[in-house]
Amino acid sequence: MNDFSELENDLRALRPARPSPVLFERIEEAMAENRKASVSDAKPMASWLRRFTETPYRFGIGLAAAAAAVLLLLARINTDPTRNEDKEIAQVSPPVETGPVRPAFSGRNGVDGSISSNKFISAGATQVVYNSRDEGLQFADSSRQPLRRLRYQTQQTWQWRNPSTGASLRVSYPSEEVVLIPVSGQ
Amino acid sequence: MDNIASHENWKNCFSEIGPGLLLFARQWTRSAADAEDIVQEAFVKFWRRNHKINNRALLYATVRSIALDFIRRDKRRARREATVFAEADPSVEPQFEWEDEAQSALAAAVNCLPHDQREVIVLKIWNELTFSEIADALGISQNTAASRYRYALANLKKSLQPQ
(Lines give C-alpha, C1' and ligand atoms only; values in the text may rest on other atoms or scores of the structure.)
Protein backbone atom coordinates (compact mmCIF):
# COMPACT_ATOMS: atom_id res chain seq x y z
CA MET A 1 0.00 0.00 0.00
CA ASN A 2 2.88 2.35 0.71
CA ASP A 3 3.67 2.36 -2.99
CA PHE A 4 0.39 4.12 -3.61
CA SER A 5 0.38 6.61 -0.72
CA GLU A 6 1.51 9.48 -2.91
CA LEU A 7 -1.08 8.65 -5.53
CA GLU A 8 -3.76 8.41 -2.84
CA ASN A 9 -2.81 11.87 -1.59
CA ASP A 10 -3.01 13.24 -5.13
CA LEU A 11 -6.43 11.67 -5.54
CA ARG A 12 -7.65 13.16 -2.25
CA ALA A 13 -6.46 16.57 -3.38
CA LEU A 14 -8.72 16.24 -6.39
CA ARG A 15 -12.08 17.58 -5.31
CA PRO A 16 -15.32 16.28 -6.80
CA ALA A 17 -17.66 18.81 -8.38
CA ARG A 18 -20.07 20.33 -5.89
CA PRO A 19 -23.81 19.81 -6.25
CA SER A 20 -25.68 22.77 -7.68
CA PRO A 21 -27.50 25.06 -5.22
CA VAL A 22 -30.72 24.04 -6.97
CA LEU A 23 -30.24 20.51 -5.65
CA PHE A 24 -30.27 21.80 -2.06
CA GLU A 25 -33.53 23.61 -2.75
CA ARG A 26 -35.05 20.55 -4.40
CA ILE A 27 -34.10 18.29 -1.50
CA GLU A 28 -35.46 20.83 0.96
CA GLU A 29 -38.76 20.93 -0.92
CA ALA A 30 -38.94 17.14 -1.16
CA MET A 31 -38.28 16.78 2.56
CA ALA A 32 -40.89 19.39 3.41
CA GLU A 33 -43.42 17.57 1.23
CA ASN A 34 -42.59 14.26 2.86
CA ARG A 35 -42.89 15.78 6.30
CA LYS A 36 -46.33 17.19 5.42
CA ALA A 37 -47.40 13.87 3.93
CA SER A 38 -46.26 11.92 6.97
CA VAL A 39 -48.08 14.30 9.32
CA SER A 40 -51.31 14.12 7.31
CA ASP A 41 -50.98 10.33 7.07
CA ALA A 42 -50.60 10.07 10.82
CA LYS A 43 -53.60 12.27 11.62
CA PRO A 44 -56.46 9.96 10.63
CA MET A 45 -55.06 7.13 12.74
CA ALA A 46 -56.79 7.26 16.07
CA SER A 47 -54.64 7.03 19.15
CA TRP A 48 -56.25 3.78 20.25
CA LEU A 49 -55.52 2.25 16.85
CA ARG A 50 -51.93 3.49 16.96
CA ARG A 51 -51.49 1.81 20.33
CA PHE A 52 -52.63 -1.47 18.81
CA THR A 53 -50.17 -1.26 15.98
CA GLU A 54 -47.17 -0.02 17.94
CA THR A 55 -45.94 -3.41 19.08
CA PRO A 56 -46.28 -6.83 17.49
CA TYR A 57 -48.14 -8.10 20.55
CA ARG A 58 -50.68 -5.32 20.38
CA PHE A 59 -50.92 -5.72 16.66
CA GLY A 60 -51.87 -9.35 17.30
CA ILE A 61 -54.68 -8.23 19.58
CA GLY A 62 -55.84 -5.77 16.96
CA LEU A 63 -55.72 -8.46 14.30
CA ALA A 64 -57.73 -10.84 16.47
CA ALA A 65 -60.32 -8.13 17.07
CA ALA A 66 -60.52 -7.44 13.33
CA ALA A 67 -60.91 -11.17 12.61
CA ALA A 68 -63.71 -11.40 15.17
CA ALA A 69 -65.44 -8.43 13.56
CA VAL A 70 -65.20 -10.08 10.14
CA LEU A 71 -66.62 -13.32 11.54
CA LEU A 72 -69.54 -11.46 13.08
CA LEU A 73 -70.16 -9.70 9.81
CA LEU A 74 -70.05 -12.96 7.88
CA ALA A 75 -72.28 -14.67 10.39
CA ARG A 76 -74.78 -11.89 9.83
CA ILE A 77 -74.89 -12.56 6.09
CA ASN A 78 -76.93 -15.67 6.49
CA THR A 79 -76.67 -18.11 9.34
CA ASP A 80 -80.30 -19.04 9.36
CA PRO A 81 -81.48 -20.03 5.87
CA THR A 82 -85.19 -19.99 6.66
CA ARG A 83 -85.16 -16.57 8.22
CA ASN A 84 -83.20 -15.06 5.38
CA GLU A 85 -85.27 -16.72 2.70
CA ASP A 86 -88.32 -15.11 4.27
CA LYS A 87 -86.58 -11.79 4.27
CA GLU A 88 -85.62 -12.30 0.66
CA ILE A 89 -89.22 -13.01 -0.33
CA ALA A 90 -90.37 -9.95 1.52
CA GLN A 91 -87.76 -7.84 -0.16
CA VAL A 92 -88.27 -8.97 -3.72
CA SER A 93 -92.04 -9.50 -3.75
CA PRO A 94 -93.85 -6.90 -5.81
CA PRO A 95 -96.49 -4.92 -3.99
CA VAL A 96 -99.30 -6.16 -6.25
CA GLU A 97 -99.18 -9.58 -7.88
CA THR A 98 -101.29 -9.61 -11.00
CA GLY A 99 -99.97 -12.71 -12.75
CA PRO A 100 -100.16 -16.33 -11.72
CA VAL A 101 -98.86 -16.95 -8.25
CA ARG A 102 -95.44 -18.47 -8.12
CA PRO A 103 -92.91 -18.66 -5.32
CA ALA A 104 -90.45 -15.82 -5.39
CA PHE A 105 -87.72 -18.17 -4.22
CA SER A 106 -87.68 -21.75 -5.29
CA GLY A 107 -85.63 -23.14 -2.46
CA ARG A 108 -82.05 -23.84 -1.66
CA ASN A 109 -81.31 -25.65 -4.87
CA GLY A 110 -83.35 -23.52 -7.19
CA VAL A 111 -82.05 -20.47 -8.95
CA ASP A 112 -84.57 -17.77 -9.26
CA GLY A 113 -84.27 -14.58 -11.24
CA SER A 114 -85.66 -12.64 -8.34
CA ILE A 115 -82.64 -13.43 -6.17
CA SER A 116 -80.35 -10.52 -5.84
CA SER A 117 -76.99 -11.25 -7.44
CA ASN A 118 -75.03 -10.48 -4.26
CA LYS A 119 -77.08 -12.67 -1.95
CA PHE A 120 -75.41 -15.61 -0.26
CA ILE A 121 -77.37 -18.47 1.22
CA SER A 122 -76.16 -20.90 3.82
CA ALA A 123 -74.80 -24.07 2.24
CA GLY A 124 -73.71 -26.01 5.28
CA ALA A 125 -72.04 -26.02 8.63
CA THR A 126 -69.74 -28.62 10.14
CA GLN A 127 -68.22 -29.04 13.53
CA VAL A 128 -65.31 -31.44 13.86
CA VAL A 129 -64.21 -32.39 17.35
CA TYR A 130 -60.52 -33.02 17.20
CA ASN A 131 -59.79 -33.19 20.90
CA SER A 132 -61.79 -33.84 24.07
CA ARG A 133 -60.58 -33.82 27.62
CA ASP A 134 -62.28 -35.04 30.76
CA GLU A 135 -61.42 -32.51 33.45
CA GLY A 136 -62.97 -34.52 36.21
CA LEU A 137 -65.80 -34.00 38.65
CA GLN A 138 -66.62 -30.71 40.22
CA PHE A 139 -69.34 -29.23 42.35
CA ALA A 140 -71.31 -26.21 41.28
CA ASP A 141 -71.95 -23.50 43.89
CA SER A 142 -75.70 -23.96 43.95
CA SER A 143 -75.86 -27.73 43.78
CA ARG A 144 -74.48 -30.63 45.72
CA GLN A 145 -74.74 -32.85 42.68
CA PRO A 146 -71.36 -33.43 41.09
CA LEU A 147 -70.80 -32.33 37.52
CA ARG A 148 -68.43 -33.86 35.02
CA ARG A 149 -66.49 -31.18 33.20
CA LEU A 150 -65.65 -32.01 29.58
CA ARG A 151 -63.66 -29.74 27.31
CA TYR A 152 -64.06 -30.10 23.54
CA GLN A 153 -61.79 -28.52 20.99
CA THR A 154 -63.47 -28.24 17.64
CA GLN A 155 -63.08 -26.79 14.21
CA GLN A 156 -66.23 -25.12 12.94
CA THR A 157 -66.82 -24.46 9.29
CA TRP A 158 -69.59 -22.39 7.74
CA GLN A 159 -70.30 -22.26 4.07
CA TRP A 160 -72.38 -19.88 2.00
CA ARG A 161 -73.21 -20.00 -1.65
CA ASN A 162 -74.53 -17.50 -4.13
CA PRO A 163 -76.87 -19.45 -6.44
CA SER A 164 -76.93 -16.79 -9.12
CA THR A 165 -73.18 -16.40 -9.51
CA GLY A 166 -72.00 -19.76 -8.21
CA ALA A 167 -69.59 -18.03 -5.81
CA SER A 168 -69.04 -19.67 -2.48
CA LEU A 169 -67.72 -18.45 0.83
CA ARG A 170 -66.19 -20.62 3.50
CA VAL A 171 -65.17 -19.59 7.00
CA SER A 172 -63.41 -21.98 9.29
CA TYR A 173 -62.27 -21.28 12.80
CA PRO A 174 -61.26 -23.24 15.90
CA SER A 175 -63.44 -23.17 18.96
CA GLU A 176 -63.40 -24.55 22.47
CA GLU A 177 -66.42 -25.69 24.37
CA VAL A 178 -66.79 -26.68 28.01
CA VAL A 179 -69.72 -28.96 28.90
CA LEU A 180 -70.89 -29.77 32.41
CA ILE A 181 -72.80 -33.06 32.67
CA PRO A 182 -74.65 -33.86 35.91
CA VAL A 183 -73.56 -37.14 37.43
CA SER A 184 -76.12 -39.12 39.36
CA GLY A 185 -74.72 -40.74 42.45
CA GLN A 186 -75.77 -44.36 42.62
CA MET B 1 -26.91 7.82 18.22
CA ASP B 2 -28.00 10.52 15.86
CA ASN B 3 -30.28 9.66 13.03
CA ILE B 4 -30.81 11.44 9.79
CA ALA B 5 -34.54 12.05 10.21
CA SER B 6 -34.04 13.99 13.41
CA HIS B 7 -31.01 15.78 12.04
CA GLU B 8 -32.17 19.37 12.16
CA ASN B 9 -29.44 20.79 9.99
CA TRP B 10 -29.49 18.27 7.19
CA LYS B 11 -27.88 20.85 4.90
CA ASN B 12 -24.63 20.59 6.83
CA CYS B 13 -24.79 16.83 6.54
CA PHE B 14 -25.50 17.04 2.83
CA SER B 15 -22.76 19.65 2.30
CA GLU B 16 -20.27 17.12 3.63
CA ILE B 17 -21.39 14.08 1.73
CA GLY B 18 -23.14 15.68 -1.26
CA PRO B 19 -20.11 16.01 -3.59
CA GLY B 20 -19.07 12.41 -2.94
CA LEU B 21 -22.61 11.15 -3.42
CA LEU B 22 -22.90 13.06 -6.66
CA LEU B 23 -19.59 11.71 -7.93
CA PHE B 24 -20.74 8.20 -7.06
CA ALA B 25 -24.02 8.70 -8.93
CA ARG B 26 -22.25 10.20 -11.94
CA GLN B 27 -20.76 6.79 -12.70
CA TRP B 28 -24.07 5.56 -14.00
CA THR B 29 -25.59 8.64 -15.53
CA ARG B 30 -22.74 10.70 -16.93
CA SER B 31 -25.07 13.66 -16.83
CA ALA B 32 -24.83 15.93 -13.80
CA ALA B 33 -28.55 16.70 -13.89
CA ASP B 34 -29.54 13.01 -13.83
CA ALA B 35 -26.99 12.31 -11.12
CA GLU B 36 -28.53 15.09 -9.03
CA ASP B 37 -31.97 13.54 -9.55
CA ILE B 38 -30.65 10.21 -8.30
CA VAL B 39 -28.90 11.76 -5.31
CA GLN B 40 -32.01 13.72 -4.40
CA GLU B 41 -34.22 10.64 -4.56
CA ALA B 42 -31.76 8.53 -2.58
CA PHE B 43 -31.06 11.12 0.09
CA VAL B 44 -34.73 11.91 0.66
CA LYS B 45 -35.60 8.21 0.70
CA PHE B 46 -32.83 7.53 3.22
CA TRP B 47 -33.89 10.48 5.37
CA ARG B 48 -37.59 9.56 5.24
CA ARG B 49 -36.90 6.04 6.48
CA ASN B 50 -35.08 7.33 9.57
CA HIS B 51 -31.88 5.48 8.87
CA LYS B 52 -28.84 6.25 10.97
CA ILE B 53 -26.56 8.88 9.51
CA ASN B 54 -23.53 6.73 10.12
CA ASN B 55 -25.01 3.85 8.12
CA ARG B 56 -23.18 5.15 5.08
CA ALA B 57 -23.09 1.79 3.32
CA LEU B 58 -26.88 1.82 3.16
CA LEU B 59 -26.95 5.37 1.83
CA TYR B 60 -24.56 4.50 -1.01
CA ALA B 61 -26.37 1.24 -1.68
CA THR B 62 -29.56 3.31 -2.01
CA VAL B 63 -27.88 5.65 -4.50
CA ARG B 64 -26.61 2.66 -6.46
CA SER B 65 -29.99 0.96 -6.46
CA ILE B 66 -31.78 4.10 -7.64
CA ALA B 67 -29.12 4.68 -10.30
CA LEU B 68 -29.56 1.14 -11.61
CA ASP B 69 -33.34 1.60 -11.63
CA PHE B 70 -32.80 4.81 -13.54
CA ILE B 71 -30.76 2.96 -16.16
CA ARG B 72 -33.39 0.24 -16.45
CA ARG B 73 -36.17 2.81 -16.77
CA ASP B 74 -34.52 4.59 -19.59
CA LYS B 75 -32.18 2.17 -21.29
CA ARG B 76 -32.36 3.81 -24.67
CA ARG B 77 -31.57 7.20 -23.26
CA ALA B 78 -28.73 5.83 -21.15
CA ARG B 79 -27.27 4.08 -24.17
CA ARG B 80 -27.49 7.25 -26.22
CA GLU B 81 -25.87 9.25 -23.41
CA ALA B 82 -23.13 6.69 -22.99
CA THR B 83 -22.34 6.86 -26.70
CA VAL B 84 -22.34 10.63 -26.69
CA PHE B 85 -20.26 10.74 -23.55
CA ALA B 86 -17.73 8.31 -24.95
CA GLU B 87 -17.25 10.54 -27.95
CA ALA B 88 -17.42 13.83 -26.10
CA ASP B 89 -14.72 15.75 -24.36
CA PRO B 90 -14.95 14.80 -20.68
CA SER B 91 -14.28 18.40 -19.72
CA VAL B 92 -17.77 19.35 -20.94
CA GLU B 93 -19.30 18.17 -17.68
CA PRO B 94 -16.42 17.85 -15.26
CA GLN B 95 -16.78 15.46 -12.38
CA PHE B 96 -13.90 17.09 -10.53
CA GLU B 97 -12.74 20.60 -9.77
CA TRP B 98 -9.11 20.47 -10.84
CA GLU B 99 -6.61 23.25 -10.43
CA ASP B 100 -3.81 22.27 -12.79
CA GLU B 101 -2.93 20.00 -15.67
CA ALA B 102 -1.70 17.25 -13.38
CA GLN B 103 -5.07 17.08 -11.64
CA SER B 104 -6.84 17.20 -14.98
CA ALA B 105 -4.81 14.19 -16.14
CA LEU B 106 -5.56 12.38 -12.89
CA ALA B 107 -9.30 13.05 -13.28
CA ALA B 108 -9.18 11.75 -16.85
CA ALA B 109 -7.33 8.64 -15.68
CA VAL B 110 -9.98 8.00 -13.02
CA ASN B 111 -12.69 8.31 -15.65
CA CYS B 112 -10.92 5.70 -17.78
CA LEU B 113 -10.85 3.08 -15.02
CA PRO B 114 -13.02 -0.01 -15.40
CA HIS B 115 -16.39 0.57 -13.76
CA ASP B 116 -15.98 -1.90 -10.89
CA GLN B 117 -12.61 -0.40 -9.95
CA ARG B 118 -13.79 3.17 -10.32
CA GLU B 119 -16.78 2.74 -7.98
CA VAL B 120 -14.52 1.30 -5.28
CA ILE B 121 -12.00 4.11 -5.63
CA VAL B 122 -14.77 6.74 -5.60
CA LEU B 123 -16.19 5.28 -2.39
CA LYS B 124 -12.79 4.90 -0.76
CA ILE B 125 -11.09 8.16 -1.70
CA TRP B 126 -13.85 10.75 -1.99
CA ASN B 127 -16.44 9.23 0.31
CA GLU B 128 -14.02 7.81 2.88
CA LEU B 129 -15.82 4.53 3.29
CA THR B 130 -14.03 1.59 4.86
CA PHE B 131 -13.60 -1.62 2.88
CA SER B 132 -16.27 -3.17 5.07
CA GLU B 133 -18.71 -0.37 4.19
CA ILE B 134 -17.77 -0.57 0.51
CA ALA B 135 -18.40 -4.31 0.59
CA ASP B 136 -21.85 -3.73 2.11
CA ALA B 137 -22.72 -0.94 -0.30
CA LEU B 138 -21.72 -2.88 -3.41
CA GLY B 139 -22.72 -6.35 -2.26
CA ILE B 140 -19.21 -7.78 -2.57
CA SER B 141 -16.72 -9.21 -0.12
CA GLN B 142 -14.20 -7.04 1.70
CA ASN B 143 -11.36 -8.87 -0.04
CA THR B 144 -12.87 -8.13 -3.43
CA ALA B 145 -13.29 -4.47 -2.49
CA ALA B 146 -9.68 -4.25 -1.34
CA SER B 147 -8.31 -6.01 -4.39
CA ARG B 148 -10.36 -3.81 -6.76
CA TYR B 149 -8.95 -0.79 -4.95
CA ARG B 150 -5.40 -2.02 -5.39
CA TYR B 151 -6.00 -2.78 -9.07
CA ALA B 152 -7.47 0.68 -9.54
CA LEU B 153 -4.46 2.36 -7.96
CA ALA B 154 -2.09 0.23 -10.02
CA ASN B 155 -3.97 1.10 -13.20
CA LEU B 156 -3.94 4.79 -12.34
CA LYS B 157 -0.25 4.74 -11.60
CA LYS B 158 0.41 2.95 -14.85
CA SER B 159 -1.69 5.34 -16.91
CA LEU B 160 -0.08 8.41 -15.31
CA GLN B 161 3.46 7.27 -15.97
CA PRO B 162 5.21 9.19 -18.74
CA GLN B 163 5.25 7.18 -21.95
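Me: How many bridges join β3(A) to strand β4 of chain A?
Reply: This is a predicted model, by the way. In it, β3(A) runs antiparallel to strand β4 (residues 168–182) of chain A. A pair you can check by eye is A:T154 with its bridge partner in β4(A), A:S175. The count of bridges joining the two strands is 15.

Me: And which residue takes a positive phi in the hairpin of β3(A) and β4(A)?
Reply: Look at the turn, which has six residues between the strands. The phi in question is near 80 degrees, and it belongs to A:G166.

Me: OK, on to the two chains. Which residue of chain B does A:R15 stand opposite?
Reply: Here β1(A) pairs with strand β1 (residues 96–97) of chain B. Two bridges join them, and they run antiparallel. Within β1(B), the residue opposite A:R15 is B:E97.

Me: Which element gives the largest share of the side of chain A that touches chain B?
Reply: Overall, 20 residues of chain A are in contact with 27 residues of chain B. On chain A's side, α1 (5–13), β1 (15–16) and α2 each supply at least two residues. By class, that side has 12 nonpolar, two polar and six charged residues. The largest share is seven residues, and it comes from α2(A).

Me: Which residues have the most contacts inside the largest nonpolar core?
Reply: That core has 43 residues. The residues with the most contacts inside the core are B:A25, B:V39 and B:V63.

Me: Where does this core lie relative to domain 1 and domain 2 of chain B?
Reply: Domain 1 covers 1–95 and domain 2 covers 100–163. Both give residues to the core, so it lies between them.

Me: Last one: leaving aside neighbours within four places in sequence, which chain A residues is B:V39 in contact with?
Reply: Within chain B, its contacts are B:L21, B:L22, B:A25 and B:V63. From chain A, the contacts of B:V39 are A:P19 and A:L23.

Conventions
Residues numbered from 1 in each chain as written. Chains lettered and ligands numbered in written order. Predicted model: local features only at pLDDT ≥ 70, side-chain atom pairs only at ≥ 80, totals over all residues. Core = buried A, V, L, I, M, F, W, Y, C linked by C-beta atoms within 7 Å. Buried ≥ 20, exposed ≤ 12 C-beta atoms within 10 Å, placed from the backbone. Domains from an automatic or database assignment. Contact = placed C-beta atoms within 7 Å. Helix = DSSP H or I, 4+ residues; strand = E, 2+ residues; numbered from the N terminus. Nonpolar A, V, L, I, M, F, W, Y, C, P; charged D, E, K, R; others polar. Pairing = 2+ DSSP bridges.
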